[in-house]
Amino acid sequence: MSDRSRTLTRLGWVAMWAALLLTPLFLEQFWEQAGLFAMASIIGAIGLTILTGTTGQLSLAHAFYVAVGAYGYCYFAGHKTVGVESVAGLGLPPVLALVLAVLLAGVAGALFSPISARLRGIYLGIASIGLVFIGQHILFNATGLTGGFNGRDAQPFGLAGFQFQQGSPDITVNGIEFGELEKLWYLGLALVALSYWYARNIVRGRPGRALESVRDSEVAAAVMGVDVARYKAAVFILSSMYAGLAGVLMALVFGRIVPNTFGFPLSVDFLVMIVLGGLGSIRGAALGAIFVSVLPRALDHFSGSLPLVSDAGGGGLQPSQAARLVYGAAIIAVLLYLPGGLAGIRRRLRRDSDPDDPVQQPTGGPRLPSHDLKETAT
Amino acid sequence: MNQFVELLISGLSLGFVYALIALGFVIIFKATRVVNFAHGSILLLGAYVVARTHGSLGFAGAVLAGVLAAALCAVIVQLVILRRLRGATTDTLTIVTIGIDILLATELTRRIGTKVLNIGDPWRDHVVHLGSFSVPSARVAAAVVAILVLAAFTAAFKYSDWGVAMRSAAEDAEGAALMGIRLGRVAAGAWAVAGALAALGGVFFTTFPTPGVQATVGLSALTAFPAAILGGLDSVTGAVVGGLIIGVVTTMTSGYQDHIAFLGRGLGDVVPYVVMVLVLLWRPSGLFGTKEVTRV
Amino acid sequence: MPTLTEEGVNGLTDAVLHVRDLSVRYAGAVRALDGVSISVTEGSVVAVLGGNGAGKSTLLRAISGTLGLQGGAVEGGEVTFRGQDLRGRDPGTVVRSGIVQVPEGRRIFGELTVEENLRAGGLSVRDRGARSRARDRVFELFPRLEERHRQRAALLSGGEQQMLAIGRALMSEPELLLLDEPSLGLAPKVVDRIGEVVREINGQGTSVILVEQNAAMALAVADQAYVLEVGRVSLSGTAAELADTSEVRERYLGIPGGDTDDRPHPPHAPAPSADSANGRPAIRELDVEALTVRFGGITALSDVAFRVEPGSVHAVIGPNGAGKSTCLNVLTGVYAPTSGTVRYGDKVLTGLRPHRIARLGVSRTFQNIALSPAATVADNLLLGRHRLSRAGFLSTGFGLPGARRERKREQGRVAEVAGLVHLDAQLQRPVAELPYGDRKRVELGRALCADPALLLLDEPVAGMNPDESEQMSQTIANVRAELGISVVLVEHDMAFVMRLADHVTVLDFGERIADGTPAEVQQDPAVLRAYLGGSPDSQEAAG
């Protein structure tokens, strides 16, 4: 990459972060919530793209680990309540609860590793669906922990006496009152930045190379000294921890979590995010996550002004349905016409403008594991 | 004891319905190496067409219409979308079917809304008494029809030109192509048959004792997934055995709900997945599936 | 292109199949054929010879319309059959126009019965009567198939499977039959029988293109012959003429020329010692004892034993299907042997998982290239450093100083190795963009990055042109001279082996048929038989 384009890239990053930092000063609550949900999705999608894109382990269990993180946080941070909705809680400080919830998701991932190490390709993918359904069953029935069908409240976040809840302490900037969402916005940004940075380091470093080699040829990886079973387990745990962190953030944004949020469709959403973004690309996962999480909300928001789309009960296409149709069509269109996903577009543009760029889109590229182990041409 | 036998019979009959659906997964996988996530929606389409047309065409005519519609839809998916992606990995194709499922399911959900449509079947809520056991007539019909269809399929698979072409292509697509077998036709045929089987499964999936055609039927048909996987995704026998296992296990679990209340409500919906995970732990390619071979 | 006779190129009038100036590329990057021209006259047998990776199978795929299934595409040139253009035709249409290919490795449908296999071969014929007549003819040609027609094809012996594959192709009564290495992995007697079968089929009026590595058999039955090398026709002429050329005699018939002694480096055995400063494990001797490997009913290796002296280059040679790659797979722990042991120094390798064996300083390359295509050359080489580096999920993820320092250090080492294998300029390019020969060098580089004490090379020059092959041989000689490590070399290219090896073990049908110095092995009658692929008569016919 030339110096000039490197400078441009840096400037772009600075501008983006500046915009993100100032956003809460302008946005309405609705968009803040959408943005926060997108942040949670980004974190989860990054975790899944390391597992499925970089390592080639197809997983549809992500929703389960997101749930573990979300409910784990509520349990660790929440207080024990008795009454109609009696749920258990440890009442730990929220920061500690966050860390513990992420670790808990990691442990849950480790528990699945005997299965993930044995199964391959689509068998792993579908076995992991099983985990989502089993998880749902537990969420509905372990009412003492989860609150059952009605769910349970998430303890608002706080950091060393600084409470995120409305009004404690009051901060007003530029005439805008800094409420819980605004504070969460910065927490979310920090977590996204940390997740992104960590994932980039991993993928570009020694563990990432080992994971990629496991995807491309388990035999070659093992022969080069990579302990394939250990790396597969490790990446599953890592991915679960990302999902867990996403879950914690979701719990904080929603304020109350219910089991239906964490069903099979959420797992599919995550898979679609990373495929739309371009498998194995961290940036792509982030773009895909924004697209998938913001699209239905945006359509919902603008339903009044969009043709064909009407409000709920209006008889025409409901916004949520319109979003689903766009979403389904986007999956098909991207796979048919954009093999590299959203991240591929940028790479292509850069390639056009900078022909000497050595990091161009290769023909190989990350792929899901294939069933045909065919030898290549003679 | 009485209850046990009744549950067993109704479990087996439900199992045959699952077998029809699971067989669709298997046929498509064998012919094109794609796991069809749109199968539930195609099934729902078939059932929806039956529910909409039985008034004018009569039940038999409506079933025929539903089967044709589902088969046509499956062929369109194969020809219009999946064929364009030649050279893509099979799992990319699998994700495309998720996109197709979302489109189909959304449109059908929009049409059905919150209604429960009647399929117009002649069995309604009648019950057949076999000795001291009583079983819903619709379930008996399901078992009979499913057995006949499975037998016909097996015969065609084993003895017809189509079957030989299917099995050759499934074992070695390139080898089959070199023998002049047209892979495109084999694939389209497989999708058509799978779609037809799904529609048939859809009919019996929405007869008594289930309430009728609802938007959620497509999702609950996903229960055939564990059936296909635990039998082995590339095994016809596996699909039937897997379907029966899942049918019996779910029916038993729901029937004895009270005895295992400590495991929570709605266990019948989860137990297929539990069984699947356990079987896969024991045999990673399912009961009858072919093991993947690593070559260097 | 040295053409011995002009007839092959100019005999346009009576030729049924014409391939003119054909170029083929796989997945954008690898060019497999480059301006190949071949013609087949009515009723003749045309042999196409060449080593692994020469482009023989690609040529057949271009004719049979199956290139697309492998991600290949015709870039230029034309293929015509009886005046019809075959480019872009799907395989079904090609079969219906009268050309059928018997694929390499037979690829019969193992789960189907013999009868069903034949039926699958005849599906393109609509007329049922014609089908049953064709079946009768096949049974007449191969009575064995009729005896076993109800059995699952997977249960047939290798020779019977080849007969079935040919019979299956004959079911559509082709005018032109393409045979891709029918003698692969078969016993000499069976190979002779296949030669006869080809003659019989040809005698009934079917033209045949016979792609072979077994040059003796192929030249004995063929009228015309072509030699492919790295995607180009390097020789062509009548079979008899070709059998007389020194290139074919030396390279494909294994008959030594006079120049086997010009080794780039005379063999020398450096003192086997632990170079602890380098972190390189001690160079030990490798002992393979009574190794047997079975897959189902097939015995891939049977009671094989050999010893690799520390610091020597030990070649394992043999025809395709002799068990060479299986042997490497056992040495590296990829396959578990049915019985027998492999000892490396005082360690027993059998039973260890591959990454454990790698940690003992055993490294290997893959014949079919097992690199990460999307990753850069540098990243692929860095994977070779995996066992020698430490950075884990914590230190890498959080960018700790230790991980950064390690990365710097390893990048330095990778740059050194890249220099050794001449890849300095390509370090930042993704492997997918590299030509085949460069990818082979990345394979070697990656193995060298692991600082091995024992280096296993699986056909390092397969598919390379003579220049690349020469360079590779220099590189390996340099590596051995500078590092003093042991090298086990599996190769087809006899000249290459004879130049480099100190010691040669010859395998055939999974059995060791000879063991000794290159000179000894070359004189061994068993070896000559294995390579010439037949009885002494067919040797004479070829020679």
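**Strands, helices and contacts**

Author: Let's start with a pair of strands: S16(C) and S17(C) run parallel and are joined by three bridges. Helices here are DSSP runs of H or I with at least four residues, strands are runs of E with at least two, and both are numbered from the N terminus. This is a predicted model, in which local features need pLDDT of at least 70 and side-chain atom pairs count only at pLDDT 80 or more, while totals for chains, interfaces and linings use all residues. Residues are numbered from 1 along each chain as its sequence is written, and chains are lettered from A and ligands numbered from 1 in the order in which they are written.

Reader: Which residue of S17(C) is the bridge partner of C:Ser363?

Author: Two strands pair if DSSP finds at least two bridges between them, and S16(C) and S17(C) have three. In one of these, the partner of C:Ser363 is C:Leu455.

Reader: In what order do the six strands of the open sheet in chain C come?

Author: The pairing in this sheet is mixed. S16 (362-364) and S20 of chain C stand at the edges with a single partner strand each, so one side of each has no neighbour in the sheet. From one strand to the next the twist averages 15°. The order is S16-S17-S18-S13-S19-S20.

Reader: What angle does helix H12 of chain C make with S17(C)?

Author: H12(C), residues 324-331, packs on the sheet and touches S13, S16, S17, S18 and S19 of chain C. Contact means that the C-beta atoms of two residues, placed from the backbone, lie within 7 Å. Angles run from 0 to 180 degrees between N-to-C directions, with axes being lines fitted to C-alpha atoms, for helices over the stretch in contact. For H12(C) and S17(C), the angle is about 150°.

Reader: Is C:Glu459 buried or exposed?

Author: C:Glu459 sits in the loop between S17 (454-458) and H18 (466-483) of chain C, and its phi is near 45°, a positive value in a residue other than glycine. A residue is buried if 20 or more other C-beta atoms lie within 10 Å of its own, exposed if 12 or fewer, and partly exposed in between, with C-beta atoms placed from the backbone. C:Glu459 has 24 C-beta neighbours inside 10 Å, so it counts as buried.

Reader: What is the phi of C:Phe509?

Author: C:Phe509 lies in the loop between S19 (503-508) and S20 (511-516) of chain C. It is buried, with 20 other C-beta atoms within 10 Å. Although C:Phe509 is not a glycine, its phi is positive, at about 50°.

Reader: How much of chain C is buried?

Author: Chain C has 22 helices and 20 strands. Among its contacts with a separation of 6 or more, 71% are between residues 24 or more positions apart. Of the 543 residues in chain C, the buried share is 55%.

Reader: Which helix gives the most to the side of chain A that touches chain B?

Author: This contact takes 40 residues from chain A and 41 residues from chain B. Helices H4 (94-118), H5 (121-141), H11 (264-277) and H13 (319-337) of chain A each supply at least two residues of chain A's side. With 11 residues, the one that gives the most is H5(A).

Reader: Over in chain B, which residue just after H9(B) takes a positive phi?

Author: H9(B), residues 224-231, is mostly covered, with eight of its eight residues buried. What covers them includes H5 of chain A together with H1, H10 (236-255) and H11 (267-282) of chain B. The positive phi just after H9(B) is about 110°, and the residue is B:Gly232.

Reader: What handedness does the crossing of H1(B) and H10(B) have?

Author: Their axes come within 6 Å and cross at roughly 140°. That makes H1(B) oblique to H10(B); angles under 35 degrees count as roughly parallel, over 145 as roughly antiparallel, 65 to 115 as roughly perpendicular and the rest as oblique. A crossing is left-handed if the near helix is turned anticlockwise from the far one by less than a right angle, and right-handed if clockwise. The crossing of H1(B) and H10(B) is right-handed.
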